[in-house]
Amino acid sequence: METPIENNELALTEVNPETQPNKRRKKKSIVWEHFTIETVGAGCRRACCKQCKQSFAYSTGSKVAGTSHLKRHIAKGTCTLILRNQEKNQLSPYSAPSKMGGAGSASEPPKRRYRTSSLMSVPFDQDRCRHEIARMIIMHDYPLHMVEHPGFVAFVQNLQPRFDMVSFNTVQGDCVATYLREKQSLLKFIEGSPGRICLTLDLWTSRQSVGYVFLTGHFIDMDWKLHRRILNVVMEPCPDSETAFSHAVAVCLSDWSLENKLFSITLNQPLGEIGIEYLRAQLSIKNPLLLNGQFLVGNCVARTLSSMALDVFGAGRETIKKIRDSVKYVKTSESHEEKFLELKQQLQVPSTKSLFLDDQNQWNTTYEMLVAASELKEVFSCLDTSDPDYKEAPSFDDWKLVETLCTFLKLFYDAASWLTSTTTIPTTNTFYHEMWKIQTELARAATSEDPFISNLSKPMQEKVDKYWKDCGLVLAIAVAMDPRFKMKLVEFSFPKIYGDEAASAYIRVVDEGLHELFLEYVALPLPLTPTYVDEGNPGIMKAEDHSEGGGGGGLPSSYGLSDFDMYIMETSTQQMKSELDQYLEESVLPRVQEFELLGWWKLNKLKYPTLSKMARDILSIPVSSVAVESIFDTVGKEMDEYRSSLRPETLEALICAKDWLQYGSSPPEMSNALVKMEF
């Protein structure tokens with residue numbers, strides 16, 4: 001037998017001597033660090049593993065087998081000796097050796113490394129794989145049973161034969177463990193936020209007549225960033241009861257230790273007087289209600305806008321059906337659509353809109369369908385000339401009605417679009433402008449000489465008036481916290497909303513409410529915490545700093561200082577009152593597009609120490625209680641059958657963890673990350 005050809009020797013690149021007999025190059029594959037080539041016969045060579053001495057086909061005559069099967073032998077742990085060494089050293093056979101130390105490292109020149117997969121240097125870790133499967137299930141809403149599906153089992157076993165497949169119960173425990181780990185991180189984050197927290201409650205139904213209340217927290221952190229996190233999903237056996245919401249809120253406050261931190265609650269459906277009283281009675285025990293609880297319960301603006309959109313659809317039901325049928329005629333046949341596009345080109349219609357069918361459970365799609373069809377009405381009107389099968393063209397009056405409907409819908413669509421941002425959360429002050437615009441336009445439409453327009457606008461005007469009655473004070477105080485408007489916008493807009501005579505009384509209500517709320521913040525005890533020190537009060541020392549022998553910086557005896565404390569309270573109150581008045585009396589800032597309201601308050605928190613705390617809480621009040629993807633829904637959300645079949649604790653863990661993971665996850669400590677849980 002001839003001497004083996006080592007990996008660092010020159011070898012023929014082609015076995016056939018007739019092609020390029022003298023062309024030689026070094027072998028580049030990393031596998032040649034683990035294999036040698038041995039000639040076993042005339043024109044037949046085999047690759048021999050240096051560790052286990054097992055041989056594999058390499059070349060026969062002019063045919064070369066390649067190196068893929070050799071890589072599998074090394075990388076997948078088929079070689080028993082390499083596997084044993086790998087378990088000892090926790091390194092893959094494809095890992096690069098240490099640059100320092102090792103036999104012969106001083107004399108041998110460094111070997112050049114060629115293309116290798118970075119995954120090959122990662123040791124196999126059963127716990128890490130389980131952790132990633134749990135994350136995958138959470139992030140993509142996969143069913144827990146998928147780990148037992150034959151197709152998934154076969155896929156994993158082929159991908160990594162060493163992985164021990166997990167059962168339904170095991171992956172359920174892993175998902176809950178991920179939820180618990182992320183919850184601890186969120187708890188610390190909320191505890192470190194200096195302001196109060198606002199809750200939204202969104203009730204989902206199910207076929208089992210059981211309700212699920214989604215409780216989402218809204219708060220502004222120390223860096224003046226507005227956050228939104230799902231905190232709880234509480235199953236309510238009797239969702240129609242007056243106590244359902246109060247019970248869900250109690251669970252949330254206890255679970256997250258939010259006593260004394262709750263500021264407001266926004267609901268996605270009207271709550272009766274009895275239900276509101278249940279909430280007030282429950283929260284007033286441990287949670288101070290500012291302004292006598294006027295901020296406690298608010299209505300969801302998304303539901304109000306959807307309700308008014310449905311009023312518009314109801315008024316034009318027959319016409320909308322004609323438009324939908326015409327769009328369906330074009331979009332459900334390639335030949336029909338080709339004729340439509342050819343006619344559009346002939347008529348030189350400038351519209352860039354494309355036709356599409358709407359989803360009747362999402363009112364924005366119906367509005368967008370009507371807008372696109374209206375811009376292409378000339379094509380529809382002439383379509384029967386080139387397509388004799390098209391016989392249901394909308395009339396001139398139909399298109400005129402569509403324009404009227406779209407005028408109303410655009411108001412609601414523009415307002416709702418502010419709520420659909422997935423990158424930034426709009427602050428409360430934004431919706432003062434939108435609701436003011438809607439209310440003004442509906443009031444103008446109610447006086448129209450066209451009976452259709454006036455009759456359509458009146459029921460919608462009543463809904464806006466009700467929303468404004470419930471939430472107008474919150475919106476007005478929020479816009480007063482915007483230095484570009486302050487009370488000036490309230491004074492300017494209220495006469496347009498209520499009329500000149502009644503406006504002064506409503507303006508006075510807002511002004512008095514603003515000052516009363518500020519005085520309540522003045523009366524709150526100073527939060528002598530590290531958070532307060534970090535917020536710009538370096539003169540406040542920590543309790544542990546007041547130690548004996550501190551170089552004379554300690555406090556004197558408290559003898560005789562009780563009257564001094566009363567004096568400080570009285571004089572500070574006078575100064576704090578002027579803080580609000582000083583803010584309101586200063587000129588408003590120029591309105592620039594890139595202005596960041598929360599950033600302005602962050603820069604001015606030292607100038608307005610108490611007012612900035614009030615602004616932080618006011619501007620975090622959410623106006624909508626539904627998720628971004630549900631802003632335009634026309635029907636309530638229903639829990640699907642699979643999720644309803646899960647344990648309530650598991651359901652809550654899956655939904656909350658998915659929401660939290662999109663903001664980044666806390667790094668798992670794999671030694672104790674996977675909590676043993678039995679179900």
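Predicted model: local features only at pLDDT ≥ 70, side-chain atom pairs only at ≥ 80, totals over all residues.
Between which two strands does the loop with Ser 209 lie?

Ser 209 sits in the loop that runs between β7, residues 197-204, and β8, residues 211-220. I picked this serine for its backbone: its phi is positive, about 60°, although Ser 209 is not a glycine. As a reminder, most residues other than glycine have a negative phi. And is Ser 209 buried or exposed? With a relative accessible area of 55%, Ser 209 counts as exposed, because the cut-off for that word is over 50%.

Now, let's step back to the whole chain. There are 679 residues, and 44% of them are buried. If you look at contacts with a separation of 6 or more, 70% of them join residues 24 or more positions apart.

Next, the inside. The largest nonpolar core has 104 residues, and the members that touch the most others are Phe 380, Phe 412, Ile 438, Met 481, Trp 601 and Ile 618. Helix α15, residues 451-480, gives the most to this core, with 15 residues. There is also a second, separate core of 61 residues, and Leu 203, Val 210, Phe 214 and Ala 248 are among them.

Let me pick out two of those names from the largest core. Setting aside neighbours within four places in sequence, Phe 412 is in contact with Leu 305, Met 308, Ala 309, Val 312, Trp 363, Ile 438 and Met 460. Then there is Ile 618, one of the buried residues of helix α21. That helix covers residues 609-619 and is mostly covered, with nine of its 11 residues buried. The buried ones include Thr 610, Ser 612, Arg 616 and Asp 617.

Where is Lys 486 placed? It belongs to helix α16, residues 486-498. Lys 486 is buried, because its relative accessibility is 3% and the cut-off is under 20%.

While we're at α16, have a look at its partner, helix α17, residues 500-523. The two axes come within 8 Å and cross at roughly 145°, and the crossing is right-handed. On the α16 side, the contact includes Met 487, Val 490, Phe 494 and Tyr 498, while the α17 side includes Ala 503, Tyr 506, Ile 507 and Leu 514. How do the residues of this contact divide up? They come to 11 nonpolar, no polar and three charged.

Last stop, Leu 661, which lies in helix α23, residues 648-661. Leu 661 is buried, with a relative accessible area of 8%. Leaving out neighbours within four places in sequence, Leu 661 is in contact with Arg 135, Ile 138, Met 139 and Glu 182.

Terms used:
Residues numbered from 1 in each chain as written. Heavy atoms only, no water. Buried < 20%, exposed > 50% of the residue type's maximum accessible area, 1.4 Å probe, protein only. Helix = DSSP H or I, 4+ residues; strand = E, 2+ residues; numbered from the N terminus. Core = buried A, V, L, I, M, F, W, Y, C linked by side-chain atoms within 4.5 Å. Contact = heavy atoms within 4.5 Å. Axes fitted to C-alpha atoms, helices over the stretch in contact; angles between N-to-C directions. Left-handed = near helix turned anticlockwise from the far one by under 90°. Nonpolar A, V, L, I, M, F, W, Y, C, P; charged D, E, K, R; others polar.
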